[in-house]
Every structure is written in C-alpha cells, then in structure tokens.
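Biologist: Could you bring it up on screen, so that we can go through it together?

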Amino acid sequence: MDIIRLTGVRANGTHGVLPFEHERAQTFSVDATLYLDLAAAGRTDALADTVDYGRAAKEIVAVIEGPHVDLIERMAQLIADRLLAMKPVIKVDVTVHKPHAPITVPFGDVSVSITRVRDEEGRGVPAGDAAESSAATSAVPVTATGVAGVQAVPDGPAGTGAPARMHKAVVALGGNIGEVAATLRAAVREIDGLPGTQVAGISPLFRTAAWGMADGAPDFLNAVVELETTMGPHALLAALQGIEADYGRTREHHWDSRPLDLDIIDFDGITSADEDLALPHPRAWQRAFVLAPWHALDPNARLAGAHGGLVHDLLAAAPDRDAVKLVADDWMLAGRSDGDREPSSASDAMGDSGAGTGTETSRPSSMPSSLEPVSRWAVISMDSTSTDAERLFREAIVTIDGIPGNQVEGISPLYHVAHFDGPDAMSAVIRVETKLPAADLIAVLGTVESVQEGLLDLDLVDMEGVVADEPDCRVPWPSARSHASVLAPWLDMDPNAALGGDPVSFLLAMAPDAAQVGLLSDNWILAPR
C-alpha cells in the first residue's frame with residue numbers, strides 16, 4: 001500500500017477541558033499518513049488519480065480552527081473522518097500534538113495517535129472494526145514526551161515527526177583585527193540564530209598575546225560559548241565557517257591575524273579523529289586562551305580525549321596561563337568591553353592556589369563566599385513595535401543570559417498584540433535566575449534597551465521575595481496585572497504563575513485587552529539564519 005505523509009501541519013484553536021482553553025487559542029500540530037493506491041497516478045500523472053495534499057492540509061486546519069472540542073482524542077477522530085472522505089484514501093494514521101497542554105510538571109509534548117480505516121458506510125472506524133483489520137493497527141494510546149517518569153519518544157529521522165536529538169557543544173571565539181569585541185558579540189548572536197540552536201552560556205572575555213605570530217601582531221580577544229543544538233557536528237562546523245566568512249575570515253595562511261575565529265572544542269564529549277573535524281579540538285588541552293574562558297564559564301568542565309581531564313587542572317598546567325588576562329564579565333553589553341579595565345590573569349581567576357578541585361569561584365571577586373548574593377527567579381517582559389522584533393528579542397535574551405549572575409531558565413511563546421491607537425506589537429516573557437538585586441537588574445535592562453536604540457521595551461515584572469516601590473525600582477510591576485501582552489505569554493510559559501498572590505490565569509481573564517493578543521509562534525527562539 002502506498003502512502004502520502006503530512007508532518008507538522010500547524011494552526012491555532014480553542015480546544016481543551018479547562019475554561020480558559022475555551023477562550024484563548026493555542027497551537028496544535030498534526031501529523032497524518034494517508035494510505036492509498038498510487039499506481040494509477042504513477043501511470044497517468046493526473047491529480048484525479050491521487051489525493052491533493054494541499055487540500056488534505058486544509059482539512060486538518062479546518063478542524064483545528066473549527067468548533068471547540070474538549071479532547072484531542074475527539075480532534076484526531078474528526079481529522080481522520082475528513083481525510084477518509086477523500087477518495088481513494090482507505091486508511092489514515094493521525095497524531096495530534098498539544099505542546100502547551102496545562103500540565104503542572106516539565107514536559108516536551110503531549111500527543112494522541114489513532115489509526116482509522118474507512119468502513120462500508122464511509123466512516124472512519126478503528127482498524128479492528130473494519131474488513132481491512134488484517135492490514136491495520138489498533139489505536140495508539142496517549143503519550144507524553146519529556147515528562148519525568150514517562151518514557152520519551154526516541155529520536156527519529158527528519159520528516160517522521162519524532163523530536164530531533166539535542167546536542168551540547170562548546171565553541172571557542174577569538175579575533176585580533178578590527179572592532180573585535182563588537183565582532184564577537186555579533187558572532188554570539190549569529191550562532192544563537194542558527195537553525196535548532198540556542199546559546200546556553202557565555203564566558204567572560206579574555207585578552208591573549210598573539211602567540212606564534214609576527215612581532216607587533218595585535219592581541220587576541222577570546223571567549224567560549226556553550227550551545228544546545230539539533231545540528232550535527234559537521235553541519236555546525238559548516239555553519240560556523242559561514243559566520244567566519246561573513247566577517248571577513250580567510251584561510252590562506254593558518255597563523256595569520258584574523259577578524260574572527262570559531263572552533264568547536266567539544267561536541268557531546270565525542271572522541272573522533274575525523275580529518276575534517278577532530279573531536280575534541282586536538283590542541284585545546286594546551287591552550288590557555290580556550291581553557292581560561294571555558295573554566296570561567298563552567299568550573300567543573302571536563303575535556304574528553306587522550307589529553308583530557310578537568311579543564312581547571314589543564315589550565316593550571318598550561319605554560320601560558322599567566323599570559324591570558326581577564327578583560328570583562330559583562331562584555332556582551334556594548335561599550336563595556338574595550339579593555340579599559342585593569343586585566344587580571346587567568347590564574348587569578350582560578351583563585352590564589354592556581355590549582356585545586358574545580359569547586360572554586362569561577363571569577364575573581366573581593367566578596368567573601370559567605371556573602372555571595374542569593375539567587376532569585378525574576379520574570380522579564382519584552383515588547384516591541386519593530387518589524388524586526390523577533391531578532392531584537394533573541395539578541396536581548398542572549399545579552400541578558402551573558403551577564404554574570406544571570407541564567408535564562410524559561411522563554412515564552414511569541415505573541416502578537418493589536419493596538420487600536422498605534423502600530424501593532426510583539427511580546428514575550430522570559431524567566432531568569434539572577435544574583436542581581438532588583439534595582440541593578442532594572443538598570444541592566446535599561447542598558448540593553450539603549451544598545452537596541454530604544455526599539456524594544458524590557459520590564460522587570462516580578463522577582464522572588466521582592467516588593468519595592470521606589471521611583472526607579474517598582475516590583476512587582478504595577479501595570480502588569482492589566483496587560484494581556486505580559487500575562488498571556490507568562491501563562492503559556494508557566495501555567496501556575498501568580499502575580500501578587502493572584503493566579504495569572506485569573507488576571508488574564510480579567511484583563512481589558514485580552515482580546516487584543518494572540519499566539520504567533522511557540523518555537524520562535526529557534527529562528528533560521
């Protein structure tokens with residue numbers, strides 16, 4: 001039997017058991033496999049002898065955008081009925097995904113899969129109830145992916161609807177020609193914009209003498225980023241080399257000065273002698289300009305391979321470790337990383353001993369460890385009327401995540417906001433674990449706004465355990481309670497969120513502008529380059 005497969009047909013609909021799901025649209029995704037005989041179409045090349053898959057996709061969307069149903073089991077049945085009405089389809093597999101289901105534990109997806117065949121009266125019935133039961137399979141139960149204690153769907157090839165495997169990579173950045181700090185900042189944002197890729201950590205910036213080059217060669221600036229990516233190692237390498245080329249990197253001479261150098265240092269801890277991409281990077285173990293920023297980013301990092309070990313220990317043994325100088329922690333903020341500070345050596349960044357167990361603080365500090373600031377969660381809203389709002393949001397997230405003491409822990413879907421008295425806007429919300437006081441975090445957000453020339457608005461909506469009503473520090477943000485542009489994405493990110501003791505779901509239902517917001521995308525952060 002031949003098949004036609006549609007994967008990832010998406011639309012928004014108001015389906016679900018809970019009251020707010022009857023009113024607020026959310027995204028559903030459908031995979032469908034149509035079973036039919038395509039021999040005639042292969043001979044005649046005529047659309048009449050097959051199924052118009054464009055029409056099939058529209059039938060799926062019509063159900064998603066159609067009248068409310070409580071259960072995605074019912075939605076799957078309605079879709080199966082419509083597809084089976086399209087002759088010569090005799091059997092269908094339908095999977096309905098509800099990625100924003102109101103589940104109170106972390107999860108990746110919820111889906112229902114069914115198999116239906118057409119009976120003598122043209123209805124879609126379970127395979128066991130039809131004459132074709134010998135060629136069909138029974139309905140598949142509900143599955144949840146990524147939930148603790150629930151078996152997850154394994155990785156699958158592209159086009160099957162199975163989730164792509166997420167890899168972890170460490171990439172070193174460097175350069176010594178031009179406005180290097182600005183180039184490195186731009187490169188981090190370019191990397192974060194690669195398909196299926198998100199920057200998960202950014203090291204401080206270090207300065208290194210141009211080792212092995214002609215006298216007078218400018219010093220290098222170096223940093224390291226950690227990535228989560230669905231790209232394979234060779235695809236990632238090709239993408240990084242493309243970014244290098246965009247910023248003027250050429251490879252005529254291996255040891256020349258360069259505006260930008262991007263190297264994969266580690267990829268899932270793989271050890272490989274591939275001539276195109278050796279893993280880990282074969283010289284990383286002896287390069288302090290790689291080891292120092294990596295250790296500063298992750299004091300417990302480990303390099304794989306024959307020369308591997310704790311990065312802390314490798315750095316302590318590197319003969320040039322004192323030649324690598326810390327320039328700035330907050331270099332991702334433009335104008336803060338021009339080398340106008342007194343640099344400290346990589347050995348200073350490791351602590352006075354220069355060696356140890358790898359548990360020391362990763363950055364030099366005059367603050368005693370007993371007085372280290374407490375980490376708190378904070379919710380930050382993003383709003384922009386710019387037509388380039390998605391890129392501005394992504395760059396702001398990377399910058400906020402790269403500030404010492406900050407770690408972005410959650411990112412909401414992207415929302416459209418209709419304004420009657422001005423241009424429409426886009427909005428999103430992020431959750432951050434931060435060691436910054438509320439006033440300092442608000443000041444940082446103001447700096448990020450200025451870097452983006454005022455094209456986006458960043459507000460501290462709420463912070464754990466903080467209540468303040470000062471002119472420059474008002475927490476929780478008072479007007480957030482009535483702004484659906486904040487409440488809707490926040491609720492999507494955290495169904496149990498509360499503001500000032502009131503559930504965000506309740507505040508959203510009461511918000512006067514609730515009808516003016518609508519979900520645009522739940523995977524906008526993974527934008528194509």
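Biologist: What does D502 count as at 24% relative accessibility?
Modeller: D502 counts as partly exposed, a class that lies between buried (under 20% relative accessible area) and exposed (over 50%), using a 1.4 Å probe and protein chains only. This is a predicted model, in which local features need pLDDT of at least 70 and side-chain atom pairs count only at pLDDT 80 or more, while totals for chains, interfaces and linings use all residues. Residues are numbered from 1 along each chain as its sequence is written, and side-chain values use heavy atoms, with hydrogens and water left out.

Biologist: OK, and which residue forms a salt bridge with D502?
Modeller: That is R481, with the closest N and O atoms 2.4 Å apart; a salt bridge here is a side-chain nitrogen of Lys or Arg within 4 Å of a carboxyl oxygen of Asp or Glu. The two are 21 residues apart, with D502 in strand β24 and R481 in the loop between β22 and α12. Helices (H or I, at least four residues) and strands (E, at least two) are DSSP runs, numbered from the N terminus.

Biologist: How many salt bridges does a search of the whole structure find?
Modeller: The search finds ten, including one between R55 and E59, which both lie in helix α3, four residues apart.

Biologist: Is E59 buried or exposed?
Modeller: E59 is buried, at 17%, whereas R55 is partly exposed, at 41%.

Biologist: New topic: how many residues of strand β7 are buried?
Modeller: Eight of the nine residues in β7 are buried.
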